[in-house]
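Subject: Structure for your review

Dear colleague,

Please find below the sequence and structure that I am handing over to you. My notes on what was found follow directly after it.

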Amino acid sequence: MGSKWRKAKLALGLNMCLYVPHQKLEDSSPSPSTSTSMKHHRDTANVHSRFSSDAVPLSPVSASGNDCRPTTPTPSSSGLRVSKSVPKSSKRTCSICLTSMKLGQGHAIFTAECSHSFHFHCIASNVKHGNQICPVCRAKWKEIPFQSPASDVPNGRSRINPADWPRDDTWTTAVQRLPSPRLDSTRHISSLFHASEPGTFDDDEALDQQQENPQQNVIDKVASKNNSIGAIEVKTYPEVSAVPRANGHNNFAILIHLKAPFTSGGLNSRNQTIFSPTTQNSRAPVDLVTVLDVSGSMAGTKLALLKRAMGFVIQHLGPSDRLSVIAFSSTARRLFPLRRMIETGRQEALQAVNSLTSNGGTNIAEGLRKGAKLIVDRKWKNPVGSIILLSDGQDTYNVTSPSGAHSRTDYKSLLPQSIQCNGGTGLRIPVHAFGFGADHDAASMHSISEISGGTFSFIETEGVIQDAFAQCIGGLLSVVVQEACVKLECAHPNVLINSIKAGSYRTSVMADAKAGSIDVGDLYADEERDFLVTVNVPVDESSDEMSLLKVKCNYRDPITKEMVSLEENNEVKIQRATVVGQPIVSMEVDRQRNRLRAAEAMVEARAAAEHGDLTGAVSLLESCRRALSETISARAGDRLCVALRAELKEMQERMANRHVYESSGRAYVLSGLSSHSWQRATARGDSTDSTSLVQAYQTPTMTDMVTRSQTMFFGNPPQQKLRQAQSFPARPRPR
């Protein structure tokens, strides 16, 4: 035994260090699979062999028998670096799969001629599909793994040229037994990439067995009741607390405030946010479909940053969450079916995303059609379903006229009927659209998101794409309330509902104006909603107190899967006195009036700008800013009012001239409208930055996820000092 290992070490002759697991030292013949695996590892000379964490180093010995000393990597004749010692980069993180390249974890390391290093199985999947550009620095490589033409090697592996490697039988026998755990997953991804798509996308991976087992579900429900997330908090605020008996009021405002519960395990002892996406007992698991633009305009830095952003998303999905990726340019293709993000699913997803290349036109409608088909055809269904759409251009196949000339209804054809809010399937699948750069069709993307019930974000700077994705999934991975609905009922026979101001949320008022409802849908942990209802207050000389409105709330608990109806009724009452002093207007009501007034000004200014009247648009925004400054909440120093005025000022600057408006103003305004109409955070400008005033509606889990993104540098350790996330005005966040 000792003699054979001595011969193996003598045969090495390349001053490379070999790590061999303890359990592989027995003298036995290699299996065919390990023999083929070894050929795979010998494909290029700049692969540093690394294996399991229990491996022990063998002292490297030169052919002459002298001790080998690690040396600095030297350039080879091919332009690639043959590293004779383990490089420092091996201690860093692989920029493709985002996992450690620490020695002893069963992965080979590839060091390119540009000096960047990756796991061999990660970069091999990338270059096998023709990509010869470094994912980090974008340098073009002269030689890459798998560049030889395909041969007759089984399973479609590329031909391997072992001319520069020793051909000692003892070396081969000893090393062929070393494991190569990632080959099967790499080959599987390759087959998925090139396989023809099925007619029906019902090949999604089955959900966790516990979710499919009725008996286990009963046990889980009992356990979940002991781990309850709490109920929705419902509060009501009348405009004023008292109205004279002899006076009536035609548009008396009542604010209805909802706040979703926050999971009990969400805060640590220092009241800081802790977000664990792999914890499935406090939120609903997600089926996420990403529809990504890989047209020719995405080449270079854009595509590289998109891959990194997708890597961040993949790494933060939990084992019960499922992901599928649709890539579109002139046409669209599904990279892989809905897969659970367990370890193997993550690795395959990362490899598939990293294999993307850019070319062709922009066919958004085809990408959405395929994404919707995947959602509709899936055999299994997680409680939360969502689509993320990213594009940097205009749909050149279905939309031909200038973006500014379109109305919302013109874009309906881009979104399949099956996932529209009023679609025939009854699905609630919001499309969260991300417009990337200055050339995307903001009107189209905004309409797609509005029609589906999603949000529209404007990614102005390429570098913040990951932060924008992080904010979005921070919300999607924290759904604690589903199918929420607010029911309104007049409590006095002479009180009638005049209006319900709820932004983009669907509302209804009965014909007799005695009852109404607000369809709220899903809520993220700690998310808030404010709705303003106006009623008439009749003259009443007979009573000292009057009940105006009863408010109820029903929703589905994602943990127990049961419908919850809040037992207590929130009844809005006011005092009716003969003489009432100077009325004190509720600060909460005034604050929400300001928000609605600002949103209305944005709508009017955008309409004026689209008709070419930029001067009028700026004037409308300025008038709203002045009006806000005179309200009682502004005089009291309300931070929401300060933020709204800052946002209106920013919009004015982005309407300075036609060029500025076309390149960024339209997208900025539409993203702001999306945020206010849904009362949900969107990315626009620097809104994801903790120092930005325009940081509306961020929840603690969103803030935490953005902080993770902003402090995550590929190949480098996280910064020691994290950014202190500030709250949306008047909504303090945990510190």
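Strand β13 is mostly covered, with eight of its eight residues buried. In this predicted model, Val384, Ser386, Ile388 and Leu390 point one way from β13, while Gly385, Ile387, Leu389 and Ser391 point the other way, and all are buried. In a regular strand, side chains alternate between the two faces of the sheet.

β13 belongs to an open sheet of six strands, ordered β12-β11-β10-β13-β14-β15, in which the pairing is mixed. The edges are formed by β12 (332–340) and β15 (456–459); each has a single partner strand, so one side of each is left without a neighbour in the sheet. On average, and ignoring direction, neighbouring strands of this sheet are turned by 15° against each other.

On one flank, β13 pairs with strand β10 (residues 286–293) in the parallel sense over seven bridges. Within this pairing, Gly385 of β13 is the bridge partner of Asp287. β13 (residues 384–391) is also joined to β14 (residues 431–436) by five bridges, and these two strands run parallel. Here Leu389 has Ala433 in β14 as its bridge partner, and Ser391 stands opposite Gly435 in β14. Helix α11 (residues 442–452) packs on the sheet, where it touches β13, β14 and β15. The direction of α11 makes about 170° with that of β14.

The loop between β13 and β14 contains Lys412. Leaving aside neighbours within four places in sequence, Lys412 is in contact with Gln420 and Ile451. The C-alpha atoms of Lys412 and Ser444 are separated by 9.2 Å, although the two residues are 32 apart along the chain.

A further open sheet has four strands in the order β8-β9-β20-β17, with antiparallel pairing. β8 (233–238) and β17 (497–501) stand at its edges; each has a single partner strand, so one side of each is left without a neighbour in the sheet. The twist from one strand to the next averages 20°. Within this sheet, nine bridges join β9 (residues 249–259) to β20 (residues 528–537), and the two run antiparallel. One of the bridge pairs links Leu255 with Leu532 in β20.

The greatest share comes from α8, with four residues. The lining consists of Ser95, Ile96, Leu98, Pro135, Ala304, Lys307, Arg308, Gly311, Leu350, Val353 and Asn354. By type, the lining residues divide into six nonpolar, three polar and two charged.

Yours sincerely

Definitions and conventions: Residues are numbered from 1 along each chain as its sequence is written. This is a predicted model: local features need pLDDT of at least 70, side-chain atom pairs count only at pLDDT 80 or more; totals for chains, interfaces and linings use all residues. Side-chain values use heavy atoms; hydrogens and water are left out. On a 1 Å grid over the protein atoms alone, a cavity is a set of points where a 1.4 Å probe fits but cannot get out, and a pocket is an open set with protein on both sides within 12 Å along at least five of seven lines; lining residues have an atom within 4 Å of a point. Ala, Val, Leu, Ile, Met, Phe, Trp, Tyr, Cys and Pro count as nonpolar, Asp, Glu, Lys and Arg as charged, and the others, Gly among them, as polar. Two strands pair if DSSP finds at least two bridges between them. Axes are lines fitted to C-alpha atoms, for helices over the stretch in contact, and angles run from 0 to 180 degrees between N-to-C directions. Contact means heavy atoms within 4.5 Å. Buried means under 20% relative accessible area, exposed over 50%, partly exposed in between (1.4 Å probe, protein chains only).
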